[in-house]
Amino acid sequence: MAESFRQQFREELDQVKAGIVRMAGLVTESIPRCTEALLSGDLAAAREMVEADSDVDSASLALEHKCHQLLALQQPTAGDLRELLAALVINYEIERSGGLVVNIAKSMRRIYPVELGPRMRGVVTQMGEESRRLFQFAIDSYAENNAGLAAALDDIDDRLDRLNHQCLALIISSEGTERVERSTGIQLALIARYYERIGDHAVNIGGRVRYMVDAWRPSQEVIEETTEDDHVNETGERAGE
Amino acid sequence: MTAVVIVLSLLLGGAAVFGAVTASRCRRARTLASRLLGDSGSDNAQATLEECLVDLGGRQSGLVRELSESETVRHLLEGILSRMVQGVMVCGDDGRVVFRKYQKSLEASHHGQALVDAAVERVLKKVSGRVLTKEESDGYAVMEELRLYGPPERLLRISAFVLEGGAAALIEDCTEQDRVEVMRRDFVDNISHELRTPVGAMSLLAETIAEEEDETTVDVLSKRMISEAERMTSVIEELAELARVENDPEGERGSQVLQEVVVEVVERLTGAASQRGIKVSVSAPDDPIVVLADRLQIASAVHNLLDNALKYSPLGGNVSVRVRKLGECAQLEVQDTGIGIPRRDQERIFERFYRVDRSRTASSGGIGLGLAIVKHIVINHGGEISVDSMEGEGSTFTLKLPLLKEVFPGCASEEDAGASGRETILRGIADDLSTS
């Protein structure tokens, strides 16, 4: 009797995980779709993406509710409890990432019909690829309970941060044929930030996966280190790097 | 004496009872046996238990044989299905999954598989949710296309249809089909545009000249007509070169030192390079790298790549040409720091008439055949060509050719070698049009 309860609970946990992976899949696919719409000035695609986000939102709500139900009714402990708690946060991170993709699509509409110069296009292409890759790794680590991969995400994210700075530098220093107009520049800076934020969400998902698998939590040193990094980044920006 | 009589009668009585019981059991067994054997054709109502057991044994081995045969058939069907489609899912009337088999390539990525599962569920629901008439259910199918960015980028077609007792969904990979369709459409568009534009311009100019009285205007217009005619001529010249390369793939083969070919081409383009202030650097080993090739064709290929590099580089930029030996192949790289090629276009730039951005290249005078010609030359020589590029940073074209050796296979993949052809242009067009 207890066995079948246990089994049923396990199945429900698996269902939650499958639901989260499915929702994440929608977001992972939307990132390159959005980058392409941005680079080719495809307004129709941008609109589709803005409308499709409601699927992600409703999926996220349903999953959150399911997790709450399981917590209340099943009162899990230890590993199972960590799994559900992690799932709740990961669910939120994915939903936020979906929102960021919508923001990119909307910014693209504000830039339209300005065409970007090749160097800017190159940086945007790379940011799109890096953020998609990072997000996919994060989901893979969750689906496979792979704490090693989850731990590596922070380092992999460095590249995306550098690209973000590169983009900002390009906007500030643009001139001649590649000159970027002020309003376009502002939107581009926001777009770069959105991509970078998607990467940050991916790193957060990695952190929760580590919690789920190893009960790992960031130590005080790590928190201080990360804050220091942020300060360095800001200084770097101000110096016009 | 009496005791003996009693014992004897007891024994007899026991024997009689025993006999009666056994007899009734035998009768029951015989009835059962004859009932079991009833449909096997034996009309012997007095069938023995032995016959019955033998028959049962026979039927059991028959069943075992049938089971293993159907198992073999099932494996066979699964094997065939996996060659034809990416995945199959069958579910019964109640919606429970009865059979599910996805190919490894489909299961490679978590998010990809999750999306495919979601799509399969949707189509199955559409098919089984409806109450269908007999006529409808015979041919009724629902289809959904799913474009996955992967990587790798794929277009999947998911179709579901009604089966007796349930529904089935098939997942097919239509990426190649779709790619060829897009190629075909664009090719026809491009070729007709290339020919129509100058002809249209010429006829318009001719009409205007016919009406025009003023001599200076006539002079200006006729000069424009001549330049349009020249443009058409150059289009036809390039088409002719493509045909030459395809018709005469061998050319005049001889041993060529790659370094010499490169130096010759660089010298030819020095003027164009200095005009744009571009510095061309060549790096190659002193050891001669020898290939078996037609001098003119190889030189034309290198010329084309270098010319492109110069065209799309910024003024005062750098172009570098590198020649080296890599394993059994000679490798030539042309690298520029120009505007690069968008991701979308990278896989298509070797198509005939394909140009990344018409407005960008129209002024450069190209009609999009250059790289197609280079590709054919390279493949004819048993080599391969590839490009690596990032917008805003530049492109690197890599050309590989087999080194001249006694016994040695080409270093191109088998597919490329097979695709090279002795096709004429027309047959090439026909092939493109009919492949779908």
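**Reading the chains and their interface**

Tutor: Buried residues make up 47% of the 241 residues in chain A, where buried means under 20% relative accessible area, exposed over 50% and partly exposed in between (1.4 Å probe, protein chains only). This is a predicted model, in which local features need pLDDT of at least 70 and side-chain atom pairs count only at pLDDT 80 or more, while totals for chains, interfaces and linings use all residues. Residues are numbered from 1 along each chain as its sequence is written, chains are lettered from A and ligands numbered from 1 in the order in which they are written, and side-chain values use heavy atoms, with hydrogens and water left out.

Student: How many helices and strands are there in chain A?

Tutor: Helices (H or I, at least four residues) and strands (E, at least two) are DSSP runs, numbered from the N terminus. Chain A has 7 helices and 0 strands. Its C-alpha atoms fill a box of roughly 75 × 45 × 20 Å along the principal axes.

Student: Which residues touch the most other members of the largest nonpolar core?

Tutor: A nonpolar core is a set of buried Ala, Val, Leu, Ile, Met, Phe, Trp, Tyr and Cys residues joined through side-chain atoms within 4.5 Å. The largest one has 61 residues, and Ile94(A), Met120(A), Met127(A) and Phe135(A) touch the most other members. Elements that give two or more residues to this core are H1, H2, H3, H4, H5 and H6 of chain A. Leaving aside neighbours within four places in sequence, Met127(A) is in contact (heavy atoms within 4.5 Å) with residues including Leu160(A), Cys167(A) and Tyr195(A).

Student: How is the size of an interface expressed?

Tutor: It is often given as the accessible area lost when the parts come together. Here the area buried between chain A and chain B is about 1900 Å², of which carbon and sulfur atoms give 54%; buried area is the accessible area (1.4 Å probe) that two parts lose on being put together, summed over both. In chain A, Arg22(A), Glu29(A) and Glu36(A) lose the most area to chain B, together 31% of what that side buries. In terms of contacts, 21 residues of chain A meet 21 residues of chain B.

Student: What is the count of salt bridges between chain A and chain B?

Tutor: Side chains of opposite charge can pair when their charged atoms come close. A salt bridge is a side-chain nitrogen of Lys or Arg within 4 Å of a carboxyl oxygen of Asp or Glu. Between chain A and chain B the count is 4. Arg343(B) pairs in this way with Glu129(A), their closest N and O atoms being 2.9 Å apart. On the side of chain A that touches chain B, the elements giving two or more residues are helix H1 (2-40) and helix H4 (118-144). H4(A) gives the most, with 12 residues.

Student: Where in chain A do Glu130(A) and Arg159(A) lie?

Tutor: These two residues form a salt bridge, with the closest N and O atoms 3.0 Å apart. Glu130(A) is in helix H4 and Arg159(A) in helix H5, 29 residues apart. Glu130(A) is buried, at 6% relative accessible area, whereas Arg159(A) is partly exposed, at 34%.
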